[in-house]
Amino acid sequence: MGKNNAKISNAVIKRLPRYRRYLIELKKKGVEKISSKEFSSLIGYTASQIRQDLNNFGGFGQQGYGYSVDGLYKEISAILGLDKEYRMVIVGAGNLGQAIAKYTHFHKQGFKVCAAFDINPNLIGKDLDGIEILDYENIVEYVEEEEIDIGIICVNRDNAQEVADKLSFAGVKGIWNFAPTDIEVPTHVALEVVHLSDSLHSLAYHMNDIQKKEVAQDKHREEENLRD
Ligand SMILES: NC(=O)c1ccc[n+]([C@@H]2O[C@H](COP(=O)([O-])OP(=O)(O)OC[C@H]3O[C@@H](n4cnc5c(N)ncnc54)[C@H](O)[C@@H]3O)[C@@H](O)[C@H]2O)c1
């Protein structure tokens with residue numbers, strides 16, 4: 001595994017979960033092997049892109065055989081670190097924090113939410129489908145004692161850096177930040193940022209782009225009709 005992980009581009013890392021999702025579907029259908037060409041028609045990347053991506057990690061394919069679906073699934077899972085369980089806390093148990101706490105799918109994927117934390121006394125002590133909301137005052141001790149790996153930041157933007165500092169100090173290895181602000185973390189802590197609105201803005205762009213092209217096509221057709 002991972003012959004050269006340090007040099008793997010973020011673009012490749014971002015494609016791996018997609019490969020893995022398709023491999024899960026193939027496994028469900030009982031498919032045992034797949035060529036890069038077949039994988040390409042399924043997933044939409046070119047066969048050479050797939051070979052290049054997977055070569056980053058040492059290949060896994062066999063000439064004339066293709067890829068073992070189960071083997072590739074296990075390798076990609078291991079590369080992504082999905083072959084173990086992660087313990088997480090949510091900080092900020094408002095709308096978003098509660099939605100994440102109640103979303104059971106993460107646990108099925110090995111990401112267990114152990115507790116949520118908040119400063120609001122009206123929320124502290126409440127139970128979110130088996131996940132307790134605890135007092136933010138006690139977060140450092142909890143993270144240390146419960147060996148928490150990941151902190152999920154769901155507080156308002158002004159408090160996000162302070163929360164990130166505390167989580168890093170307490171010993172988390174990764175921070176998943178939902179607050180709409182840039183935060184800084186020490187080099188030993190991994191940071192992943194989620195902006196749902198970026199995705200929505202991208203959708204708006206593509207919708208308008210399609211519309212503009214349709215208008216241009218209509219205009220072109222009208223001009224041609226006038227010429228005939
Ligand atoms: N990234 C995204 O795509 C996305 C989507 C939705 C919301 N958000 C962001 O997520 C955050 C939460 O949104 P929301 O709608 O759940 O807000 P909310 O006001 O419902 O919840 C925020 C919670 O954080 C708590 N809080 C504030 N400071 C805290 C601290 N220092 N420690 C512990 N708890 C603290 C508050 O008491 C509150 O319960 C906001 O920053 C929002 O902008 C991001």
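Reader: Hi! What classes of residue make up the shell around the ligand?
Author: In this predicted model, the shell has 15 nonpolar residues, nine polar ones and two charged ones.

Reader: Nice. And which residues are the closest to the ligand?
Author: Those are G92, G94, N95, L96 and L196, out of 26 residues that surround the ligand.

Reader: Switching topic: what domains does the assignment give for the protein?
Author: Domain 1 covers 5-80, and domain 2 covers 86-194. Their centres, taken over C-alpha atoms, are separated by 32 Å.

Reader: What does UniProt place at residues 81-182?
Author: An unreviewed entry there has the feature "domain: CoA-binding" for that span. In the model, residues 81-182 are 32% helix and 28% strand, with 25 Å between the end C-alpha atoms.

Reader: And what about residues 18-57?
Author: UniProt lists them as "DNA-binding region", also from an unreviewed entry. This span is 70% helix and 5% strand, and its end C-alpha atoms lie 16 Å apart.

Reader: Now some helices! At roughly what angle do α2 and α3 cross?
Author: The axes of α2 (residues 36-43) and α3 (residues 47-55) cross at roughly 110 degrees and come within 8 Å. Angles of 65 to 115 degrees count as roughly perpendicular, so that is how α2 lies to α3.

Reader: Which residues make the contact?
Author: From α2 they are S36, K37, F39 and S40, while α3 brings A47, I50 and R51.

Reader: How do the residues of that contact divide by class?
Author: Three are nonpolar, two are polar and two are charged.

Definitions and conventions
Residues numbered from 1 in each chain as written. Predicted model: local features only at pLDDT ≥ 70, side-chain atom pairs only at ≥ 80, totals over all residues. Near = placed C-beta within 6 Å. Nonpolar A, V, L, I, M, F, W, Y, C, P; charged D, E, K, R; others polar. Domains from an automatic or database assignment. Axes fitted to C-alpha atoms, helices over the stretch in contact; angles between N-to-C directions. Helix = DSSP H or I, 4+ residues; strand = E, 2+ residues; numbered from the N terminus. Parallel < 35°, antiparallel > 145°, perpendicular 65-115°, else oblique. Contact = placed C-beta atoms within 7 Å. UniProt positions renumbered as here; feature names shortened; annotations may be inferred.
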